[in-house]
Amino acid sequence: MIAVTGASGQLGRLAIRELLKSIPASQLIAIVRNPAKVSYLAEAGISVRQADYSDETALSNALNGAERLLFISSSEVGQRSAQHRHVINAALSAGVKFIAYTSLLHADRSPLGLAAEHVETEAMLAESGIPYALLRNGWYVENYLASLGPALEHGVFIGCAGNGKIAAAPRADYAAAAASVMTQDNPAGNVWELAADEGWTLSQLAEEAARISGKPLVYRNLSEADYQAALLGAGLPEGLAAMLANSDSGAAQGGLYDDSHQLSQLLGRPTIPLTQSLSAALS
């Protein structure tokens with residue numbers, strides 16, 4: 001059986017959908033905090049089990065009978081290392097034979113502050129003795145699409161990524177790649193650096209959004225501090241604003257770019273291009 005942690009999250013839901021294309025529902029375990037949110041999965045025949053990343057005993061029980069685990073990283077930045085330790089210990093206790101973990105693009109040399117907890121988790125996996133693979137996901141294009149509405153209203157898209165290239169792909173592509181890995185015969189030992197086939201700058205994103213929408217839009221590059229202040233002014237929580245600003249600064253240093261095309265290789269098709277994602281978001 002294949003288990004998926006965070007199965008009610010944005011990436012987890014998509015991964016379950018992809019796995020269902022090749023795996024019977026009876027062979028899937030969806031691990032979630034609140035089973036009521038995914039009642040449709042239970043109705044489809046998937047075993048829905050309740051567990052929190054912070055509850056090692058519940059995680060171990062939820063993983064009972066699972067041979068493979070798609071370990072989607074926790075969304076709680078700053079608490080991930082401890083939570084991920086619980087997941088790995090639970091997998092050991094439950095006898096899981098393979099783990100695929102969603103890490104960060106080039107985590108071992110990334111300039112992004114987000115990388116630290118991923119590096120720690122990768123080390124935990126190596127120490128655990130459980131065969132594993134790393135899905136080092138690049139940025140989700142949705143991270144930028146969410147800002148399009150307000151940006152078009154004001155005619156300005158702000159950030160602090162400079163001219164850094166960003167090879168962001170939609171979550172659907174990363175989910176499909178994860179499903180591909182989970183159904184391979186011998187995926188253990190691989191480290192996949194996953195990013196879109198084509199990179200672009202935030203200036204290019206603004207230009208393309210302007211072309212598609214027919215509305216004026218330019219990119220304004222700020223300092224990291226000013227961008228963080230602008231995000232705080234827009235109502236974002238302090239931790240999230242700091243993370244997004246730091247990630248943009250990391251993008252300016254090349255931290256969100258990769259041209260190895262490993263994502264499209266796993267997909268067996270090109271990644272979804274920025275133009276398509278923008279058109280869908282603006283339609």
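R171 sits in helix α8, residues 171-182 (helices are DSSP runs of H or I with at least four residues, strands are E runs of at least two, and both are numbered from the N terminus). The model is a predicted one, in which local features need pLDDT of at least 70 and side-chain atom pairs count only at pLDDT 80 or more, while totals for chains, interfaces and linings use all residues. Residues are numbered from 1 along each chain as its sequence is written, and side-chain values use heavy atoms, with hydrogens and water left out.

With a relative accessibility of 12%, R171 counts as buried (buried is under 20% relative accessible area, exposed is over 50%, and partly exposed is in between, with a 1.4 Å probe and protein chains only). L11 is 160 residues away from R171 along the chain, yet their C-alpha atoms are separated by 6.1 Å. Setting aside residues up to four places away in sequence, R171 touches Q10, L11, L14, Y140, E142 and N143; contact here means heavy atoms within 4.5 Å.

Next comes a pair of helices. Two packed helices are described by the angle between their axes and the distance between the axes. For α4 (residues 80-94) and α5 (residues 115-128), the axes come within 9 Å and cross at roughly 20 degrees. That angle makes α4 roughly parallel to α5. Axes are lines fitted to C-alpha atoms, for helices over the stretch in contact, and angles run from 0 to 180 degrees between N-to-C directions. Under 35 degrees counts as roughly parallel, over 145 as roughly antiparallel, 65 to 115 as roughly perpendicular, and the rest as oblique. On the α4 side, the contact is made by R80, S81, H84, R85, I88 and L92, and on the α5 side by E117, H118, E120, T121, M124, L125, E127 and S128.

The loops on either side of α5 hold the other two residues. H106, in the loop between β5 (98-104) and α5, is buried, with a relative accessible area of 11%. Beyond its neighbours within four places in sequence, H106 is in contact with R136, E193, Y257 and D258. P131, in the loop between α5 and β6 (132-137), is instead partly exposed, at 38% relative accessible area. Its contacts, leaving out neighbours within four places in sequence, are K97, F98, I99 and A188. From P131 to N190 it is 59 residues in sequence and 9.9 Å in space, C-alpha to C-alpha.
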